[in-house]
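Here are my notes on this model, point by point. Have the structure open while you read.

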Amino acid sequence: MKLAIYPGSFDPVTNGHLDLVERGAKLFDRLIVAVLRNLEKEPLFSVTERVEMLREATAGKSNVEVEVFDGLLVDYVRQRQAHVILRGIRAISDYEYELQMAMMNRKIEPNIETVFMMPAEPYSYLSAHVVREIAKLGGPLDGLIPPAVEQRLRAKFS
Ligand code: PNS
């Protein structure tokens, strides 16, 4: 039974994240989407809201679960008895940060591998950060986030 953990802030979940969930759920027997509770910066959405949106968006996938984690990612992965961390890489610019994180996680726990996947091309320039910014400025978000997430974003900024 291959279990992978897909960690992130998901503030909020985007169609790029969901594309990765789709790919990960095909590759692994079980996928846990792990939402970091305490972000360094104040999140737009509370952890409860972020988890709710992810659960709504992944409801149709029987091998996908959504959980919250705190503290070191590798501790959480060990606790779940998983050996794989799934991360998405969009562009070269993501690589340095991801490399640093993967190498540091490997140094702390050599038995955990980080697996990188690329989202579909239309999502290669999409991030939760730009989604928050467009929403704040009242711009269009068609095709970038699930409709339920758009509703919540619009409500935040109305
Ligand atoms: O969606 P993000 O913000 O790119 O996700 C980053 C995340 C949550 C995967 C990363 O910040 C993380 O793992 N934080 C937990 C604390 C930790 O283990 N830090 C050391 C990583 S080298």
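How do the residues of the lining of the largest cavity divide into nonpolar, polar and charged? They come out as four nonpolar, two polar and two charged; here Ala, Val, Leu, Ile, Met, Phe, Trp, Tyr, Cys and Pro count as nonpolar, Asp, Glu, Lys and Arg as charged, and the others, Gly among them, as polar.

Before the details, some housekeeping. This is a predicted model, so to speak of local features we need pLDDT of at least 70, and side-chain atom pairs count only at pLDDT 80 or more, while totals for chains, interfaces and linings use all residues. Residues are numbered from 1 along each chain as its sequence is written, and side-chain values use heavy atoms, with hydrogens and water left out.

1. The cavity. Searching the whole structure turns up one cavity of 30 Å³ or more, and the largest cavity holds about 40 Å³ of space. (On a 1 Å grid over the protein atoms alone, a cavity is a set of points where a 1.4 Å probe fits but cannot get out; a pocket is an open set with protein on both sides within 12 Å along at least five of seven lines; lining residues have an atom within 4 Å of a point. Grid points are joined across faces, edges and corners, and a volume is the space filled by probe spheres set on the points.) Its lining is made of Leu73, Ile85, Arg87, Glu98, Met101, Ala102, Asn105 and Thr114. Strand S4 (84–88) and helix H4 (92–108) are the elements giving two or more residues, and H4 gives the most, with four. (Helices, H or I of at least four residues, and strands, E of at least two, are DSSP runs numbered from the N terminus.)

2. Glutamate 98 and arginine 87 meet in a salt bridge, 2.8 Å from N to O. (That is a side-chain nitrogen of Lys or Arg within 4 Å of a carboxyl oxygen of Asp or Glu.) The pair links H4 to S4, eleven residues apart in the chain. Both residues are buried. (Buried means under 20% relative accessible area, exposed over 50%, partly exposed in between, with a 1.4 Å probe and protein chains only.)

3. The largest pocket has a volume of about 1,200 Å³. Of the 38 residues that line it, Gly8, Ser9, Phe10, Arg87 and Tyr97 are the closest to its centre. H4 again gives the most, with six residues. By type, the lining has 17 nonpolar, twelve polar and nine charged residues.

4. The loop between S1 and H1. Take a look at phenylalanine 10, which lies in this loop: its phi is near 50°, a positive value in a residue other than glycine. Phenylalanine 10 counts as buried, at 3% relative accessibility. Proline 12 is in the loop between strand S1 (3–8) and helix H1 (15–27) too, and the peptide bond from aspartate 11 to proline 12 is cis, with omega near 0°.

5. Another salt bridge. The whole structure has 15 salt bridges. One of them joins glutamate 56 and arginine 152, with the closest N and O atoms 3.2 Å apart. Glutamate 56 sits in helix H2 (residues 47–57) and arginine 152 in helix H6 (residues 147–157), 96 residues apart. Glu52, Glu56 and Arg152 are linked in a network.
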